[in-house]
Amino acid sequence: MPGPTIDLSLYADEAALLAALRRHDPDACTCLVKRFAPLVYARALRLTGDPDEAESVLQSTFIKVCDALPGFDGASSLGTWIYRIATNEGLMVLRRRKPQIALDDVADNLHPEEVPHQFQAWSHDPQRLALDGELRAQIERAIAALPEQLRVVVLLRDVEGLSTEETAAQLGISPGAVKVRLHRARLRLREALADYLAARSEDHA
Amino acid sequence: MSHAAHSHDLQRCRELVAQLNDYLDGELPADLCAELEHHLADCPDCQVVLDTLGQTVRILHHLDEAPPPALPADLEARLLARLRAG
């Protein structure tokens with residue numbers, strides 16, 4: 001069944017969207033979902049790696065958003081506020097899972113996957129590459145393949161833009177452990193991207 | 001790390017890999033920065049690791065700037081139905 005169609009420019013202005021949501025305009029609710037749900041779901045899927053859990057995060061996020069809307073003070077943008085709620089909901093799902101085997105958070109103890117093996121330069125502009133569909137697929141696969149405790153840290157720090165301290169508080173670990181896990185995750189992702197990007201820079205040489 | 005043509009102390013490279021992240025994030029103390037930069041000037045492999053690690057981080061920073069895929073229609077319908085049910 002196709003979703004409802006709606007003119008997305010209807011509430012292009014955030015204040016107008018908020019006012020319409022507060023008077024329970026059904027079109028405003030659809031507009032809110034159309035505008036923000038795709039990234040909420042994409043991030044929840046990355047964080048949990050599970051479509052059912054991601055849908056559960058999506059639903060609980062929007063239920064909380066609708067409940068909390070009357071008190072939303074506009075101190076941040078609507079998007080920032082919604083994505084922060086989504087992150088909290090996603091982390092709650094992860095916390096309900098079975099405890100993970102504790103990581104060895106010592107920077108010197110790199111796993112073989114984290115010790116650099118690739119020493120070929122990449123010659124592309126990463127900003128342009130972020131819009132390259134094949135590269136996006138590569139990095140999404142590499143993120144999905146990370147152990148959960150590394151994946152969560154790199155998503156919060158590098159993709160969602162939380163600080164080291166915020167990430168540590170969200171995960172209940174020390175800032176030092178955040179840094180070590182971030183470093184290990186980045187090294188693994190670099191290695192995973194190297195095959196693809198080093199080969200491409202040869203093509204373009 | 002495997003170094004082909006250089007006579008570097010591999011143990012030194014391994015120690016410095018642990019500092020690359022703090023260096024990229026601007027959190028490495030100045031004296032260690034100077035030491036790292038001195039090594040990088042003379043070690044092309046470590047320089048590549050630093051450059052490509054920095055590119056990896058920039059790709060991650062920009063990952064969500066492109067529009068995400070549209071929500072699958074059935075999933076969107078279930079969400080809207082749930083929200084309308086109150």
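Trainee: How many residue pairs are in polar contact across the interface of chain A and chain B?
Mentor: The rule finds 13, both residues at pLDDT 80 or more. A polar contact is a pair of N or O atoms within 3.5 Å; within protein, one must be able to donate a hydrogen and the other to accept it, and residues adjacent in sequence count only if both atoms are side-chain atoms. Mind that this is a predicted model: local features need pLDDT of at least 70, side-chain atom pairs 80 or more, while totals for chains, interfaces and linings use all residues. Residues are numbered from 1 along each chain as its sequence is written, chains are lettered from A in the order written, and side-chain values use heavy atoms, without hydrogens or water.

Trainee: Which helix gives the largest share of the side of chain A that touches chain B?
Mentor: α2(A), with 12 residues. Helices are DSSP runs of H or I, at least four residues, numbered from the N terminus.

Trainee: New topic. How many aromatic pairs over all chains?
Mentor: The search finds 2. Ring centres must lie within 6.5 Å; planes under 30 degrees apart are stacked, over 60 edge-to-face, the rest tilted.
Trainee: What is the geometry of Phe36(A) and Tyr83(A)?
Mentor: Edge-to-face, 6.1 Å centre to centre, with 70 degrees between the planes. Phe36(A) is in α2 and Tyr83(A) in α4 of chain A, so the pair ties together parts 47 residues apart in sequence.
Trainee: Is Phe36(A) buried or exposed?
Mentor: Buried, at 8% relative accessibility. Buried means under 20%, exposed over 50%, partly exposed in between (1.4 Å probe, protein chains only).

Technical notes
Helix = DSSP H or I, 4+ residues; strand = E, 2+ residues; numbered from the N terminus. Phe/Tyr/Trp six-rings, centres within 6.5 Å; stacked < 30°, edge-to-face > 60°.
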